[in-house]
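Me: Hi! Please start with the overall picture of the chain below, then pick a single part and take me through it closely, with every cut-off spelled out.

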Amino acid sequence: MPRYTLLILAVALAAPVSAHAADAAIHQIEIKSSWGGLGKPQNVELLILSDNGVYRLGHTRVDSARVESLSASIRQAAQIKPTVENLGLTEEWLANAAEKLERAAERNDGSDSTLYKLGHGSADQKALFRRSYIDPNTMAKVLPDIFRCCHTDDYPSVKVTVLYADGSRAVLSSHSQSEFMLPWRVEVGDTSAETFNKSISVALAALMPKKATNRDRISGDGLDLTLAEAVMRGVENEWNLSNVNAHGSEALGKIGSVYKVLSADINSYHDVTFGVYVKDSTVEGEQNLHVELTRQDLPPGFAVTAILLYKDGKVLGVDEFLHGISRYEDLVLAVPWLSRLRAEYPKWGTTLLWVHNKSLSDKALQNFAADMHALGKDMLVNEIRQMQSQVAVLNVNYGDWWLVLPDQRMVLWRYVSVMGLLGWKKSDFLARECTDYQGVTGGCVGAVLSPDGELIR
């Protein structure tokens with residue numbers, strides 16, 4: 001790109017949003033704010049008028065300094081992205097916010113999942129949160145996450161029309177679900193720009209009644225908690241690893257001597273292949289160590305997930321896993337069709353599953369049998385039941401399950417995404433709703449493919 005083009009672009013981005021607007025006094029401010037979603041729709045229209053320099057909202061006098069603050073913010077240069085600096089996230093602000101959140105977490109009743117998780121964390125986990133939250137570098141990494149669209153069933157809308165005494169006008173609008181409703185679209189005359197200028201939001205919130213629609217979001221009052229949610233997502237692996245080190249360090253050490261640990265956690269989660277229902281069940285729930293693993297000699301995009309029973313303060317089955325997983329790795333890596341796919345799509349992730357003492361767990365076989373029975377494929381179930389301990393289970397993407405048989409044939413059990421079909425199309429298979437753990441898309445299939453990826457039945 002020519003130098004003069006770059007110079008023009010840089011000047012344009014740095015120029016005030018309202019470079020062509022007159023510095024005339026504001027005659028009126030019209031604010032239309034609405035919200036729709038899962039709940040009762042809300043709507044408010046506010047009109048602030050100047051009467052010989054005195055501003056009023058209805059019969060209520062409005063401080064002229066607040067009006068000027070909005071006018072000044074419109075004249076400021078456009079800010080093309082959110083940053084720690086333009087959001088005012090100083091070390092002092094972050095430290096005060098972290099302290100406030102920690103106090104709130106101590107008394108949280110579970111109504112907010114982030115505060116509940118923080119309140120029930122260990123001393124090491126809480127220290128990890130504070131260390132991450134008050135670090136401007138960490139905050140700069142997670143900051144873009146809170147300004148990404150979108151939240152389900154949440155449709156805010158604000159339009160502000162500022163009319164100046166000389167007849168010129170500025171229009172501010174936003175449909176953002178983020179804190180401060182950033183970014184704003186600012187239109188003045190023939191110019192239009194998007195800006196992450198927090199000052200516009202602060203000034204606008206100061207002009208609105210406390211209970212006005214969208215005011216809480218515009219004011220950014222929930223920024224501290226929103227940042228906490230982003231920080232928690234950013235440190236999730238470290239948070240979980242801290243829990244494992246506290247309760248299963250010996251097991252993790254053994255596994256880590258053979259594999260590189262990508263993630264680890266101890267929890268009571270369950271899915272179609274592991275764990276048990278706890279709610280409304282007479283069966284006692286179980287805790288498991290979940291570890292996602294890789295190794296230098298494994299192909300790119302290939303991982304191993306081991307789910308090992310955690311009981312009475314111990315992780316069970318570590319040695320059995322380390323001694324037994326290789327036969328499943330060898331089987332999966334030897335399938336010609338999968339080898340070709342890995343070469344063609346090196347980033348196409350596949351995960352080999354181990355649950356307690358084998359790849360095809362008893363729970364997985366039970367659910368597979370139910371799904372195949374609904375499809376009229378009981379003979380396939382009988383065949384696989386006879387070789388259960390020799391069958392490898394693969395997860396492609398998430399929720400897309402394949403079985404690899406000892407002779408390298410593969411069975412498409414269930415899928416939720418096109419990626420999970422490994423290059424096949426949905427129209428190539430007859431799928432029906434699964435009997436349990438059915439996703440919102442896809443279904444159960446029971447198709448058998450040859451080692452070379454040809455459909456057998």
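Reply: Happy to! Of the 457 residues in the chain, 46% are buried (under 20% relative accessible area; exposed is over 50% and partly exposed is in between, with a 1.4 Å probe and protein chains only). This is a predicted model, where local features need pLDDT of at least 70 and side-chain atom pairs count only at pLDDT 80 or more, while totals for chains, interfaces and linings use all residues. Residues are numbered from 1 along each chain as its sequence is written, and side-chain values use heavy atoms, leaving out hydrogens and water.

The chain holds 14 helices and 17 strands (DSSP runs numbered from the N terminus: H or I of at least four residues for helices, E of at least two for strands). Its radius of gyration, taken over C-alpha atoms, is 29 Å, well over the 23 Å from the globule rule for 457 residues, so the chain is more spread out than a compact globule. That rule is 2.2 Å times the number of residues to the power 0.38. The C-alpha trace spans about 90 × 50 × 50 Å along its principal axes.

Now the close look: the meeting of two helices. Helix α3 (residues 91-106) and helix α9 (residues 223-234) have axes that come within 10 Å and cross at roughly 85°. That makes α3 roughly perpendicular to α9 (65 to 115 degrees; under 35 is roughly parallel, over 145 roughly antiparallel and the rest oblique). The axes are lines fitted to C-alpha atoms, for helices over the stretch in contact, and angles run from 0 to 180 degrees between N-to-C directions.

Which residues of α3 and α9 meet? From α3 come Trp 93, Ala 97, Lys 100 and Leu 101, and from α9 Leu 223, Asp 224, Leu 225, Leu 227 and Ala 228; contact here means heavy atoms within 4.5 Å. These residues divide into seven nonpolar, no polar and two charged (nonpolar: Ala, Val, Leu, Ile, Met, Phe, Trp, Tyr, Cys and Pro; charged: Asp, Glu, Lys and Arg; polar: the others, Gly among them).

Ser 132 lies in helix α5 (residues 123-133) and counts as buried, at 8% relative accessibility. Beyond residues up to four places away in sequence, Ser 132 touches Thr 138, Met 139, Val 231 and Val 235. The side chain of Ser 132 also reaches the backbone oxygen of Leu 128 at 2.8 Å.

Note on methods: A polar contact is a pair of N or O atoms within 3.5 Å; within protein, one must be able to donate a hydrogen and the other to accept it, and residues adjacent in sequence count only if both atoms are side-chain atoms.
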